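Q: Hi, could you walk me through this structure? I'd like to begin with the sheet.

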Amino acid sequence: MMADPALRVQDLVVQYDTASGPARAVDRVSFTLRQGERLGLIGESGSGKTTMGTALMRLTRAPGRIVGGSVMLGGTDVMTLSQRELRAVRLRDIAMIPQGAMSSLNPVLRIRVQIEDAIHAHEGRLPKAEMAARIAALLTRVGLDPAVADRFPHELSGGMKQRTVMAIATSLSPKVIVADEPTSALDVVVQRQVMQTLGRLQSGLGAAVVLIGHDMGLMAQFADTVGVMYAGRLVEIGPVAQMIGAPRHPYTRLLIDSLPGIDAKRRLTGIPGLPPRLTDMPPGCAFAPRCPLVNASCTASVPVLQTVAQDHHAACHLYPGLAALPPLTTRAAP
Amino acid sequence: MTPPLIELRGVLQTYGAFTALDRLQMTLPDTAAMLAIAGESGSGKTTLARIMLGFIQPTEGQVLYRGRDIATMSRAERFTFGREVQPIFQDPFNVFNPFYRVDHVLKTPLRKFGLASTQAEAQRIIEDALSRVGLRPKDTLGRFPHELSGGQRQRIMVARAVLLRPRLIIADEPVSMVDASLRATILDEIRDLNRDLGIAFVYITHDLTTAFQLCDDIVVLYQGRVAEAGAVENVIGAPQHPYSRLLVSSIPLPDPSRRWGDDDLQADPAQSARTSAGCRFAPRCPQAMDRCWSTDPAMTRPLQHRVMACHLDASAPLEGTDIVSAFSEPDRARSAPPRGQQGTKA
């Protein structure tokens, strides 16, 4: 029998009310995360991936607002919780490692106080010795010296700050961790260290992880499942090996083709054109204006996710007509 | 014999007690080279870019541009240097003044260097530069910076550099803030500029993958010193220095069948300040030996087209330490076009 999913997102819609009209930064996104699963959510800037991550915890701020959908965390719908219930759920059941850990620590408080705050808020006061032992264990778990507890954020390197934020985020052993570009400002070696730490935390806690990012390389290194967002919509989701080896959506294919490798030198090809403005979406598929395989149905209706292989879904009108994607060549740049 | 395009002679840059660049010796031949300078934050790569651009005067040592020390250039020479050596910066958001249309950043340098005698000629030069970086002049000119995407703004900065017909462009992380689908396009355009116009590039980056795709040669810096240098196929394809090996093995390859090993990495680089007179990399090196802590390794040539500073290579130290001339043997002729057409266009 299948265990309950850790997270089930259904038709989530997040909208920003802008001067030029409503912009749907997240447009009817649905996906399910198994317990202990690592989902990589990839998209370019403006694709809605960060908006999506914050909406999972109902941390969306004005001018953004969640206008529809549900986020089931175990048996509870996060969207129906009171503010008080929500505070209890955050950190305990679902925790976030935000983008730019550098700026999410309070610069005037020692690390110890910042970790204590998190635990106090959920479990009340603990005996001093117990708290100290717990903080030491949390820091050790992310590969830091327990002495870091008595330091201030400015005394730590970028990698150490990111680990500290990871220790805080996992202080209550959440079942779901949302990590938003946790390594974006870090060097390649530190990035690898931080990702390995996140991987160890994840397997130690048995938590499910949503890793938000723009680097397909990181996703290939970390994720079990990869979801691709484009203009607020989830356009493809599937097992990592298939997503990279045999993607079905033309956007995913072109994104992968644009990645430089270190095996052979080749002509670098990007994707011509730009993503649409969210306030001025084209009719039908949002990728149609840039798609080399566009046809009449693409502008007629918005494609929905359909199953293209086991656990693999793509929102593209080519399916079910096609079994696999033919090789693509991009049109000459405008 | 033509003097090198850029020559660094014992360039030392210190900030208080911190040494950003430690007596760097290096030449860039005047052959439209594509050279990558790679390293982590703190390696000195941005300091090196600023010194080569003449933005900062090194604490010690000299920088020569086509045989002339840039510190003692005459006004006229300095003016020419300012046109022929162009920067492209990382952040395509901060370099624009939001109150001016983008035309401003294109027209100002043309006027400053007197490269166009009429409005029509200025327009033609600008339109040519924009088309070379894949921008449609009519969709770009007359716009304000906020109306353009990050990728478009960065392409305008490339166009700005190109319209001055430089000999050398020093690009400091030009695509690290640009989305993946555009990154490849911009790098490809840079390669075209190198091939079609004979512009040399120094590409400063922490990303070895794009360095491999774009450049011929690479210099890997570690804490202000050269760790390893050579042809990209060698240094990235088969790194010898433990630091280059660490960098290459940390690349997140987009291939789930080639994942990082689970080996524990050495200490946080930020905590690995040099503690002895030995090799700077010793505190992080998995292969550190006794003498790595006592003696700074000299530059050797373990293989053709390759130099490195590591005690693992037992070959004799090189005479002098001009690393680029050490691996650019004359047999590696480059297929760069002659530079003749350049001057006439400018």
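Q: What is the strand order in the open sheet of eight strands?
A: In chain A the order runs E6-E7-E8-E3-E9-E10-E12-E11, with mixed pairing. Strands are DSSP runs of E, at least two residues, helices are runs of H or I, at least four residues, and both are numbered from the N terminus. Two strands pair if DSSP finds at least two bridges between them. This is a predicted model, where local features need pLDDT of at least 70, side-chain atom pairs count only at pLDDT 80 or more, and totals for chains, interfaces and linings use all residues. Residues are numbered from 1 along each chain as its sequence is written, while chains are lettered from A and ligands numbered from 1 in the order written.

Q: Which strands stand at the edges?
A: Those are E6 (94-97) and E11 (306-309) of chain A; each has a single partner strand, so one side of each lacks a neighbour in the sheet.

Q: And in what sense do E3 and E8 of chain A pair?
A: E3 (38-42) and E8 (208-213) of chain A are parallel, over five bridges. Leu39(A) sits opposite Val210(A) of E8(A).

Q: Switching topic, how many residues of chain A are in contact with chain B?
A: 39 residues of chain A are in contact with 38 of chain B, contact being C-beta atoms, placed from the backbone, within 7 Å. H6(A) gives the most to chain A's side, six residues.

Q: Is H9(A) largely enclosed or largely open, and why?
A: Largely enclosed by the rest of the structure, because six of its eight residues are buried, meaning 20 or more other C-beta atoms lie within 10 Å of a residue's own. Among them are Tyr251(A) and Leu254(A). The cover includes H8 of chain A and H7 (180-197) of chain B.

Terms used. Contact = placed C-beta atoms within 7 Å. Buried ≥ 20, exposed ≤ 12 C-beta atoms within 10 Å, placed from the backbone.
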